[in-house]
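Please look over the following structure before reading on. The paragraphs below go from the pairing of the chains to the domains, the strands and a few backbone details.

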There are 2 protein chains.
Amino acid sequence: MPKFPNFSERVNQISGSVFETYASKMAAQGGNLVRLHIGDTYLPVSYELPIDKSFLRSNAGYNRYCNTFGIDALRDVLVEKLHADNEFLVERNNTLITCGATNALSISMMALVDPGDEVMILTPAWPFFFGMVKVAGGTTTEVPFYTTLFDNPDFDICDCLEEHVTDQTVAIYLNTPNNPSGKVMNENQLLQVAEFAQEHDLWVISDEAYDGLTFDDLPHISIATLPGMFERTLSMFTFSKSMMFAGIRLGYAVGTESAIKALNKMMVHQLYSPSTIAQQMMVEPVASREQWLPAVRKQYQGLRDICVDNLKIDFPQPEGTYFIFFNAYDYLRGRDYWQLIDACLEAGVSVAPGDSFGQDFGDYIRLCFTGESPERLRLGIERLNQLL
Amino acid sequence: MPKFPNFSERVNQISGSVFETYASKMAAQGGNLVRLHIGDTYLPVSYELPIDKSFLRSNAGYNRYCNTFGIDALRDVLVEKLHADNEFLVERNNTLITCGATNALSISMMALVDPGDEVMILTPAWPFFFGMVKVAGGTTTEVPFYTTLFDNPDFDICDCLEEHVTDQTVAIYLNTPNNPSGKVMNENQLLQVAEFAQEHDLWVISDEAYDGLTFDDLPHISIATLPGMFERTLSMFTFSKSMMFAGIRLGYAVGTESAIKALNKMMVHQLYSPSTIAQQMMVEPVASREQWLPAVRKQYQGLRDICVDNLKIDFPQPEGTYFIFFNAYDYLRGRDYWQLIDACLEAGVSVAPGDSFGQDFGDYIRLCFTGESPERLRLGIERLNQLL
C-alpha cells in the first residue's frame, strides 16, 4: 500500500514541542512575558570562547569530518573530569561524544529497545524521553517517584519498583538531579535502584544532564559508580546546563566499550558525528571548569533562593536543576487547570504544564527560575502570587 | 525477558564503518598511505570563518537553544540560494536545518517508513542509507541504476523500476550527483523517475549532498522542481561537500510545510536541534558563495582531470562528486577481490570496497580524488597503475 501522502505511525504517536499550542499567545505578550516555561539560562556565558583566527589555525581540521566517537582532546579532558568530579574510573574508549544529551538518550533507546520491550520511567520525567521510547518501538511504564522522595525520603524503593516491573521490562530510566522536580537522589536511594536493576537484569539509563547543578553543596552521585553497576549503566551528560553551552549542542555518553560501540553505530546512522569545531571549542572550558563553574552554580542557587523567599505557594525546595515543580490543585480557585495556565499567560507569565512530565502530574506546574534576570524573575513571582 | 547484557536487534542488523576492519592496516602505513578511500577534501577552507569576539557579540544567543527548525537568518539565506541556484519556489517554512544531510536522511526514514515497508534504492548508493531504512524497520529493494545510465543513457527507466516495485514500496531513494559513481542525471532521466513515483504514489527521497559539485558546467536538477513533484519529494542538502564545512555538521531538508513538521518531530527526538553557533557561522558563507564556490569546483574538476589523464584503467568519467567508481574484475590478475584490496593497501593506497554501495557491486572499487593534494593523488595513481 503505497503511502504518499501519509507519514509513518511514529509521527502520529509522538508529540512535538509542548509549547507549540501556546506560541501565538506567548508571542502576543511580547516583551512583557516573563518566560518561566522553558529550561534555559539568562546569564551570558561565563566562559569566553577562544574562537578567533589563532583558534582556527591551531585547530586544523575544524572543517573536516572527525572520529565519530569524538575528538581525542575532548574525550581525554572528559575522562579527567569524570574521574575528578564523578568518581568514574574510565578511559577514552568508555566515552562517546554526542549531539547533546538528547542525542545520547535517543541512541540509547535505539540500541537497547526492540518493539514490544518496556522501559520503566521514574516520573516526573523529561517529556521527550517518552517519545524516544516510542520511536524505538517500546512502551513506557511510569512510576511516580521523585515527588514521593520529597514527601517520604525513606519509602521502600525496591517495593515500589517491584509493583511496576513486568517480563517485558528491559531498562529503567533515572534522572538525578531531576527535571522537573529539582530532586537530587542520595546514595541510599540510588543503592536501592541499583539493587533492583541487578535483581531484574535491567539496563539503567542514567540521565545526568544536571550534573554540576546541585545546591547547598549536595553531592551528585552517578549510579554507574556504585558496586556492580558500571557494566549495566549508560550515563548521559551534556554541555547545555551547568556548562551553559546549549547552543553548541554537545553531550556525552559513558559506558562499557561494547555499549559505547553499540551507541556509536546508532549515532552514525542518525547524524554521523557531532560537530568537529564545536568539540574543539569545548576542550578548554572543560579543562578550566573549576575557575568558572562554581560561580554559575552560586548564581543559580541565588535565583532559587529568590523563589524560596518570595513565591507564596507550597513547593518542595529544589535541591538542584533549574526548576520548581508544584501541585497547582489548591490554587485553581474555581478555574479548571487549563484556565489557570491561560490565566498565567494572560498575567504575563509562561509556565510549563505538568502533564507532559508524566500521566500522574496533570495538576502540576513547572517553573524555570534561571531563564530570566533576577529582576524579571521577581516580577514573574509577583504576578504568580497575585494569581495563585 | 530482561535483556541486559544484550542490545536491540537493530545493533546487529546494521553495519558500522566500512573501514573499521582496515583501520590497523591503514595505521601501519602511516604517512605513506595515499588515502583514496574516504570522501573528504584536502583543500583548506576557501571561505574564512568570521569567528572572533565581534562575531560572538553580534550573534547573541550563540550559546543558547534556538528554534528547532533552524535560525531565521540561515533559513532565509537558504531560501534565497534554493531560489537562485536550484529553481525551488519555497519559503522559510519549507526548510529544516539538520545535523548534516545524514541527519536529514535519517529522519526522513523515521518519518516515512513503518515496519514492513519497502524502500527502493537506486544503486550504487551511499552505504549508511541502507542501515537507515533498517533502523526504521523497513526493507530495501536495490535497483542497479547509475552504472547502467553511464553505459546506456537512454534505457527505459520506468520499465526498469517497474520490475522492482511491490505493494509494500513506499519510497524511492535518488542521489544525483551520485556517490559513488559520479553520475549526474539529466532532465529526461529525472522526468521518468518522477512519472514512475507519481504512477505508484511513492515518496521521493532526493539526496542532493553533491549539489554544487558538477563538472563541465553540467546542470544539477532537483527532481522536486519538476511538475507535480514538490509535494511528494523530500530534498536533502549539506554544507559538507561543495561548501567544504563537513566539520560544522549542518545540512537542510526542503519539502512541504507538513512534511517539514513531520521531519522536525523526528529530529527533536534525535538531537533537539543542530548547533546554534554553527548555524550562525554558515549564514555568510552561503550569502557570499558566488565569490568562492566556483573556484572550489574548478579545483575539484582539475583533480578529476588528473585521474582521467593518468589513471590507466577503464572507468566512466565522473560528471560530478568526489569519486571514481569502476569494475575491478578485469584487474584481478589471478587475485581474488579482497586480495586486490589488500594489495592496494600494501602498495600504499586505501580504496573503498564496492560491496558497501550495493549487492551488485562486489567487484567494484571507489576512489576519492579530492582527499589528497594533486602531488599525493598522482603518487596514488602511479601506485594503482602498477598494481592494476
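This is a predicted model: local features need pLDDT of at least 70, side-chain atom pairs count only at pLDDT 80 or more; totals for chains, interfaces and linings use all residues.

**The axis and the two chains**

Residues are numbered from 1 along each chain as its sequence is written, and chains are lettered from A and ligands numbered from 1 in the order in which they are written.

Two copies of a chain are related by a rotation about an axis and a shift along it. The same surface serves both copies, as 97% of the contact residues of chain A recur in chain B.

**The contact between the chains**

How many residues does the contact take from each chain? Chain A gives 66 residues and chain B gives 65 residues, where contact means that two C-beta atoms, placed from the backbone, lie within 7 Å. On the side of chain A that touches chain B, at least two residues each come from helix 1 (9-13), helix 3 (53-58), helix 5 (100-112), helix 6 (127-135), strand 5, helix 10 (257-271) and helix 11 (276-287) of chain A. Helix 5 of chain A supplies the largest share, seven residues. Helices (H or I, at least four residues) and strands (E, at least two) are DSSP runs, numbered from the N terminus. By class, this side of chain A has 36 nonpolar, 17 polar and 13 charged residues. Ala, Val, Leu, Ile, Met, Phe, Trp, Tyr, Cys and Pro count as nonpolar, Asp, Glu, Lys and Arg as charged, and the others, Gly among them, as polar.

**Two domains in chain A**

Chain A is divided into domain 1 (9-44 + 293-387) and domain 2 (64-288), with bounds from an automatic or database domain assignment. Their centres, taken over C-alpha atoms, are separated by 25 Å. In the contact between them, 30 residues of domain 1 of chain A meet 27 residues of domain 2 of chain A. On the domain 1 side, the elements that give two or more residues are helix 1, helix 12 (293-310) and strand 9 (323-327) of chain A. Helix 12 of chain A gives the most, with six residues. This side of domain 1 has 13 nonpolar, ten polar and seven charged residues.

**Strand 5 and its neighbours**

Strand 5 of chain A, which supplies residues to the contact with chain B, is mostly covered: seven of its seven residues are buried. A residue is buried if 20 or more other C-beta atoms, placed from the backbone, lie within 10 Å of its own, exposed if 12 or fewer, and partly exposed in between. Strand 3 (residues 118-123) of chain A runs parallel to strand 5 of chain A and is joined to it by four bridges; Val119(A) has Ala171(A) as its bridge partner. Five bridges join strand 5 of chain A to strand 6 (residues 203-207) of chain A, also in parallel, and Leu174(A) stands opposite Ser206(A).

In chain B, seven strands form an open sheet in the order 2-8-7-6-5-3-4, with mixed pairing. Two strands pair if DSSP finds at least two bridges between them. The edge strands, strand 2 (95-98) and strand 4 (139-144) of chain B, each pair on one side only. Strand 2 of chain B runs antiparallel to strand 8 (residues 251-254) of chain B, and four bridges join them. Thr98(B) stands opposite Gly251(B) there.

**Backbone details**

A cis peptide bond joins Thr176(A) and Pro177(A), with omega about -5°. Pro177(A) lies in the loop between strand 5 (169-175) and helix 9 (187-199) of chain A. In chain B, a cis peptide bond joins Thr123(B) and Pro124(B), with omega about 0°, and Pro124(B) is in the loop between strand 3 (118-123) and helix 6 (127-135) of chain B.

Met244(B) has a positive phi of about 70° although it is not a glycine. Met244(B) is in the loop between strand 7 (233-238) and strand 8 of chain B. Is Met244(B) buried or exposed? Met244(B) is buried, because 23 other C-beta atoms lie within 10 Å.
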